[in-house]
Structures are given as structure tokens and as C-alpha cells.
Amino acid sequence: MNDRMIKEHVETLLKKDRRLDGRKLTEYRKPISVESGFIETAEGSARVIIGDTEVLVGVKMGVETPYPDTPNKGNLMVNAELTPLSSPEFESGPPGIQSIELARVIDRAIRESKFIDSEKLCIEEGEKVWSVMVDISPVNDAGNLFDAGALGAIAALKSARFPGYDGERVDYKKHTDKKLPLRKTPISVTVHKIGDKLIVDPISDEEKSSDARLTVVHREDGKMCALQKGGTMPLSSDDIAKMIDLGIEKGKELAKALE
Amino acid sequence: MGKLIVKEKEVVVPGEDLAEGMDYLPGDGCYRDKEKVRAGRLGLVKIGGRLIKLLPLSGKYLPKKNDIIIGKVIEIAMMGWRIDTNSAYSAMLPLRDATSEYIARGANLSQYYSIGDYVVAKVTNVTSQNLVDLTMKGPGLFKLKPGRIIKVQPSKVPRIIGKSGSMVGMIKDATNSKIMVGQNGIAWIDASPEMELVVVDAIRMIEKYSHIDGLTDKVKEFLDKAVKKDGK
């Protein structure tokens, strides 16, 4: 918070096209690792590691009544909890603005890309639908939770299997082979603007120095599905065009990590 | 009779038994639990006669009198500045110890040190309640220019500095940079963009291999290689 010296230094380095850890401006940390099926008790799960950032994502499924405006569609809930374990800056207690935004951006990525074919989650119209709950918990926040969280959520949804269901009760001890009905994969890339430079995959110190950020979500077929702007500095339409191009280009790398 | 359970220089974890019986005394980082002496933190065992001590391998900084630290200004108060010391306790830099200049009554204090500035300061006093006082009067105490700030483990600071500054001096000479390391685990680096990363890597290397013999040679080798590579 308000670390003026770090921000000044990040900016001086960026003017010479250099970053704190020696990476190029548009280079992700390595290795990017995605491990699915990490938690046995969850229906789906994934552990994502990008550099020192580590995120665990779990997917739980249950049968619930649908929302009145979407009687034939399954429910999706995304929740993120920024645990004190993952960063000295996070406190326990009710969710703060950061965790709410993280959850909403990832929720939007999944929802607006129509990743889950939610009509196929309907069991009985207006009465019973499958509800998918995605929980994101960072284990270590070394920056860029947005991309790591989204990547984890997508990998966890891909690995998810329905629990046993006999029409009345869900049996979580039973695992079926039935996968979630999924469509084309969305990829989320967050581009940060510091000074007049654009970077991807910031580490914590760079995140603190960020003037503006834009989370770009696109599908593997190249269709844009969601944007989220953050930070205090306004962005020109030229900036946004550049950031989207960069997001789509870098998305290919992340898609590779998903296999 | 008392029995020693661990050997000299052994790595122990908190709660581990170190010795049995009243013949041994718990020193720094150890405590007595009835008949036993136990470790209170992660560290290396050091035995001096009957006294068992631990050299900590990790842990937060605790302010100590006469330490030279690097702190960050977090608040301007009526009578001075509040400084973050990278520990659980923030420190106070009172007006009279802040600078050798004369500060007029009602002066704008941010012209001396403003929020977000980093300063090299000395701990003048730590009370039993852990209220910390600092001074900026003295040789080698000043406000830092813009540069790279990194955090290192406070327990590794003596190794990073080396015997009378030999280790940090070697890095400075090899990379032609300025480095300040505070006892509280904050280091400030002013180097060319090419060399900055070499300095950071060298410091990280010292942190990682601090308990290994021949560290100086290892760091020297690393520096020679890194500097040569970047020089080309």
C-alpha cells in the first residue's frame, strides 16, 4: 500500500523496457502448471502455479431450485476467499472488495463465455437443477490472482464429475463418470498499464504500482466474452485495442497450459 | 543426571526436545518445560557449556537498541514521523532526532520526510512494551534515494553483510552498485538496470545457502559469471 518508492522504481525500469524480475514486458512467469483433480472430496478441482503464485480451486455440485428468471438453467456460483495464509495483506473476516471483484470477474468469464451448457443442468424445469459452485482459494499470492484463478476455475470445471444422484438425494461418496456439459474454453488474460507501458502477469510489487488493468476474456475460437477494467487511470480506446490484442495473443500460452 | 539430546549445529524445529534435566539451561530461542529444555523456534543448536542457544533460521525482526534499520514513513504526526520497521511494532522518529537542520514550529514536516519515503535510521530505545524510538542523527543515517527495495530474512542479514561488510562489499565492487542492508531485513539497491538483477540474485543466493561453508567463494563465482555474461 502506497509504496511510492517501489512504484517509482518499477516505472523507471519499465521506461527501459525492464521489469523487477528481469522478464520481458509481455512474458508470463514460468513454469505455468495446471494440475487437475487435486482434491478428492470435491467434484472437480485444480491447482495452478504461475511462478510463485499458487491457487487451489474446487468445484462442488448440488441439486437446487432454479432462479425464477431462468427456470430451465443450472445455477453457477463463484466465490473467492483471499485467505490470510496467502499474503500478509489479506485479513480474515467478511469478504473485501478485492475478493468480491476476483470472484465476479472469474464468474463473468465463465458465464458470459457460455462455457457451461447450463440448459443441460436442468433436471426438472422450475423445480430442480444442478447448481455448480466454484471456490477459489489462493495458497500464495505473488501477483496475478486473476489469471491464475480463472485458469484454475476452468481446469477444475473441466475435471468435474457429477456425484451420484437418485432423484431425491445427492450421494457425494459416489462418483460417476459423467462430465459437466462444457462448450468452448474461455481464457482470461489481465493486462496492466503502468506509466505508458503494458505488461502481463505482474508480480505483487508491480500490481501495487499498476495504474490501470484490463482483464480480457476470450474463447478459444477468438470470440471476446468479457472485459473488466480496474485501477484509477482512464484508458483510451487505443489502449484498450492494444490490451485486447495482447490478451488474445497471450491467451494462446495459457491455453497450452490447460493442454 | 542431565542428558543432551541434540548435537551442536543440528537443525531443530519448535517444540523439539534439546536436553533433559536441570543441568542444562535454556538460552535464546529455547524454553524449559518441566525437566526438559525445548526449542522455541526453527534454528541451529549452539551449546556453550550448560547453556543451550538457538541461532534462528527464520522469523520476523524484533527491534533492538542500536540496530541500524531501513524503515518506511507511514504517518506524519504532531511531534514526528511514524516509521514502519518491517516488524510487528512501528517506530517513532521524534522531531528533535529527525535532522540536524532547525525545524521551525508549525513547519510542513513532509518537506523533510514524506509518506512513502525510506530512511536509514538507528534504534535509540525499545521499551518493555515494545515502543520503539529512532534517530536520524549520526553518521550513515539518511533518507534513501529512489531505488530497488527488497525484503530479506532478518536472520540472514549478518551473512549478507559478511564479516565487517566483506560480502556486501564484494557484490558492490563486482556490480558497481550501492547497497544498504538494514538489520530489519529491508535492503535498498541502486544499480544499473542490468546489474540490479544480479545483485538481487546474489542476495537471494546468500539467503538460501547461508548455512553452507564456502559461501563467499560460491557467491564470487556466481558474480564473476553473471557480470561477464551481462558485460558482453
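Author: Two strands pair if DSSP finds at least two bridges between them. Strands (E, at least two residues) and helices (H or I, at least four) are DSSP runs, numbered from the N terminus. This is a predicted model: local features need pLDDT of at least 70, side-chain atom pairs count only at pLDDT 80 or more, and totals for chains, interfaces and linings use all residues. Residues are numbered from 1 along each chain as its sequence is written, with chains lettered from A and ligands numbered from 1 in the order in which they are written.

Now the sheet. In chain B, 4 strands form an open sheet with mixed pairing. The order is β2-β7-β8-β4. β2 (11-12) and β4 (25-26) of chain B are the edges; each has a single partner strand, so one side of each lacks a neighbour in the sheet. β2(B) runs antiparallel to β7 (residues 43-48) of chain B, and 2 bridges join them. In that pairing, V12(B) stands opposite G43(B) of β7(B).

Next, the chain around the sheet. Chain B holds 16 strands and 4 helices. Its C-alpha trace spans about 65 × 55 × 25 Å along the principal axes. Of the 232 residues in chain B, 31% are buried (20 or more other C-beta atoms within 10 Å of the residue's own, C-beta atoms being placed from the backbone). Contacts are residue pairs whose C-beta atoms, placed from the backbone, lie within 7 Å. Among contacts in chain B with a separation of 6 or more, 54% link residues 24 or more positions apart.

Last, the partner chain. Chain B gives 9 residues to the contact and chain A gives 11.

Key. Contact = placed C-beta atoms within 7 Å. Buried ≥ 20, exposed ≤ 12 C-beta atoms within 10 Å, placed from the backbone.
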